[in-house]
Amino acid sequence: MWMEVWLCQICTNSFFPSSVQPRTKTKMEKSLSVLAALIVLGGFSDALTDDASTERHPLFSNHTTTAESDRSTDRPTPTTPTKVSSTTVRDEQLQTKNSGEETKHDKLECPPLGMESLRVDDNQIQASSYQRRGLGPHRGRLNIQSGIEDGDLYDGAWCADYKDQHQWLQVDAIHLTLFTGVILQGRNSIWSWDWVHTYKVQLSNDSVNWKVCMNGTEEAIFEGNQNPETPVLALLPVPTVARYIRINPQTWYFNGTICLRAEILGCRVDDPADIYSSEREPGSKDALDFRHHNYKDMRKLMKSVTDECPDITHVYTIGKSYLGLKLYVMVISDNPTKHELGEPEFRYVAGMHGNEALGRELVLNLMQYLCKEYKKGNQRVVRLVTETRIHLLPSMNPDGYEEAYKKGSELAGWADGRYSYEGIDLNHNFPDLNNIMWDAQETATDKSKVTNHYIPIPEYYTKEDAMVAPETRAVISWMQDIPFVLSANLHGGELVVTYPFDCTRDWAPQEDTPTADNAFFRWLATVYASTNLVMANPDRRICHYEDFEAHHNIINGGAWHTVPGSMNDFSYMHTNCFEVTVELSCDKFPHASELPVEWENNKESLLVYMEQVHRGIKGVVRDKETKQGIADAIIKVEDHDHDIRSAADGDYWRLMNPGEYKVVVWAEGYFPSMRRCRVGLEPHATICDFTLTKTPIQRLKEIRAKGGKIPQDLQLRLRALRLRKLRASTKAINRRREGQRGQQEQTRRARRA
């Protein structure tokens, strides 16, 4: 008995310090670890109940959910099961001693095996029974979403075929694992309500011999769910080493059936006999701060980057959230504090939905990476920084993020923190300019004269009582102040890149709704998707119920689902900026342990997408006499029914695919100018400058405004212009008179007849 307890103690104490990095131990400890694991399960009850001689390690002392008293030192005989308390949010675990520390949820507990993130493969999950393929064990993953219709292949849970206490969902961890807890949800469905109230946990090393997790001398009963969506965490009374784990439902919703979604918490244990033990754990070679950053941590990180790279970084705010948290932006460029003539402006926006946390961390990682690589002289990064002004907004919805952060990566559920503090979905909160343009086109006699860009914000949207979030107002003002050329909006919960239009015509729920720049938008989406390591994997599993691989992991926003008032559509129709949405991961809020892998999955995509801002044509529109730039000049490309405008200094950027284009530029008070511009395959924009000549009338207005004398050449041009107008009007009058005489003659002939 004492030997078994001592080995159990070694397994749970000596091998797992607070850093939970058991793979760095000596050979002797590794062997003892495996021996301890086998004895723990071989004499499972002894190891769990002989606590008189077993001292808990501080790693687990704050997570124990059972009482320490009334435990027998003899081999127990299970009696009436007792409940082990569970929790939806362990607030006491989520406090930090200082803002620089990780939350206890991320630091102390073992990480998830990867049911939600798909690190656990479908063939690692089995079940006692299931109703049909769409409710099979592979669907029993935390936060998995079902399709609109029940009964297809993609329902929202594992559901047993029988209603009895012998049903189970089993997960094979592949390696020996120190299991510490289970997180449970009910079934995701708009038609059915099903969840598990209580359950047992069983463990095994061989999937044949199983031992029930004990609570002292009795079989532990863990509390499950009271509704379908809220995740509930239950920690094992004693963390235990095994390879297999089963969830064995005992009671369930009275009007439903046995259905659940789950995540398993566990730390891998070294096993010399494991043929896969030499495999390198996935991670990143980049020395970045891979953890979740709350508001204070985010500010500290951004300050540390500016301290490290003061010459190429600048931090500013664009506004505040409803609760007063600032919306910070970092600029990275060789001249970060001002716009340089001819240099395009780029932006990444993350955290529009507060619980979709991966984008936030990737943007923070990108700040660090660009700073470090610039200092190292990485030529690719140096070129990006010197030729582009990069704006990074890591958190558009900081109020929502703080709500999700407090609950933790696995307990925030699917929607907690998604909306702003006022309950507004920010991606539906921008002005709907699509229908304004479409309505105008339908009623216009000449559709070519309908404005196709810079559509003004409707008056109702600007009123004080309009339901517009302060975060949305801040971003709109930001868009108007800076001449952005390209952007991406980083989301989570799927693996796909979507491009405008997001809103469909006539409010259709799903309909392909392309823009005039559909070909280039598809290129942008493909650039990101094809370089993302997960999206580009042809063997990857679908996240929920839609197979985006069939679309090469890109899709028109409206063809997926209609989104009136999206930021993408507003950006395209109100400014010059092209923007796509990137759904980064199946897991909206990945555990901190998965952030290095997610960085590697997206690093190349983030870089290559920024480089696309240098595609197409660019140039400066200048006044022929003064050589000054002309603001708000309209740049029109033949066969592209979407114009753009020059910035305040007269510079412009028009994103286009390779080809030869007829480009016409005009501005108020100037004669239009036309050029043919060729876009090559090279990864840089073709320079296409324009010089405009003022009309004589415009020159006359300016001279009179200054009280000056009209030059003789201008007088002659005005006389010639007026003469041309007189001749043109005379011809028009003569044609009209001839037409009238012809009609009168026809009338007279008709009367004679």
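**A friendly note on this predicted model**

1. Let's start with Asn489. Leaving aside neighbours within four places in sequence, Asn489 is in contact (heavy atoms within 4.5 Å) with Val349, Met352, Asn427, Met567, Asn568, Glu579, Val580, Thr581 and Val582. Asn489 belongs to strand S15, residues 484-491; strands here are DSSP runs of E with at least two residues, helices are runs of H or I with at least four, and both are numbered from the N terminus. At 0% relative accessibility, Asn489 counts as buried, a word that means under 20% relative accessible area, while exposed means over 50% and partly exposed lies in between (1.4 Å probe, protein chains only).

2. A word on how to read the numbers. This is a predicted model, in which local features need pLDDT of at least 70 and side-chain atom pairs count only at pLDDT 80 or more, while totals for chains, interfaces and linings use all residues. Residues are numbered from 1 along each chain as its sequence is written, and side-chain values use heavy atoms, with hydrogens and water left out.

3. Now the whole chain. Its secondary structure comes to 18 helices and 26 strands. Of its 753 residues, 57% count as buried. Among contacts in the chain with a separation of 6 or more, 76% are between residues 24 or more positions apart.

4. Which residue does UniProt list for "active site"? The unreviewed entry gives Glu583; UniProt positions follow the numbering used here, feature names are shortened, and annotations may be inferred rather than shown by experiment. You will find Glu583 in strand S18, residues 578-583. Glu583 counts as buried because its relative accessibility is 8%. Not counting residues up to four places away in sequence, Glu583 touches His491, Gly492, Gly493, Glu494, Leu495, Val496, Met535 and Trp560.

5. Next, a pair of helices. Two packed helices are described by the angle between their axes and the distance between the axes. The axes of H7 (residues 358-376) and H8 (residues 379-387) come within 8 Å and cross at roughly 110°. That makes H7 roughly perpendicular to H8. Axes are lines fitted to C-alpha atoms, for helices over the stretch in contact, with angles from 0 to 180 degrees between N-to-C directions; under 35 degrees counts as roughly parallel, over 145 as roughly antiparallel, 65 to 115 as roughly perpendicular, and the rest as oblique.

6. What makes the contact between H7 and H8? From H7 come Tyr369, Leu370, Glu373 and Tyr374, and from H8 come Val381, Val382 and Val385. By class, this contact has six nonpolar, no polar and one charged residues. Here Ala, Val, Leu, Ile, Met, Phe, Trp, Tyr, Cys and Pro count as nonpolar, Asp, Glu, Lys and Arg as charged, and the others, Gly among them, as polar.

7. Some backbone details are worth a look. The peptide bond from Pro500 to Phe501 is cis, with omega near 0°, and Phe501 sits in the loop between strand S16 (496-499) and helix H13 (518-531). Asp506 is also placed in the loop between S16 and H13. Although not a glycine, Asp506 has a positive phi of about 60°, and at 65% relative accessibility Asp506 counts as exposed.

8. His552 is not a glycine and has a positive phi of about 60°. His552 lies in the loop between H13 and strand S17 (554-556). With a relative accessible area of 64%, His552 is exposed.
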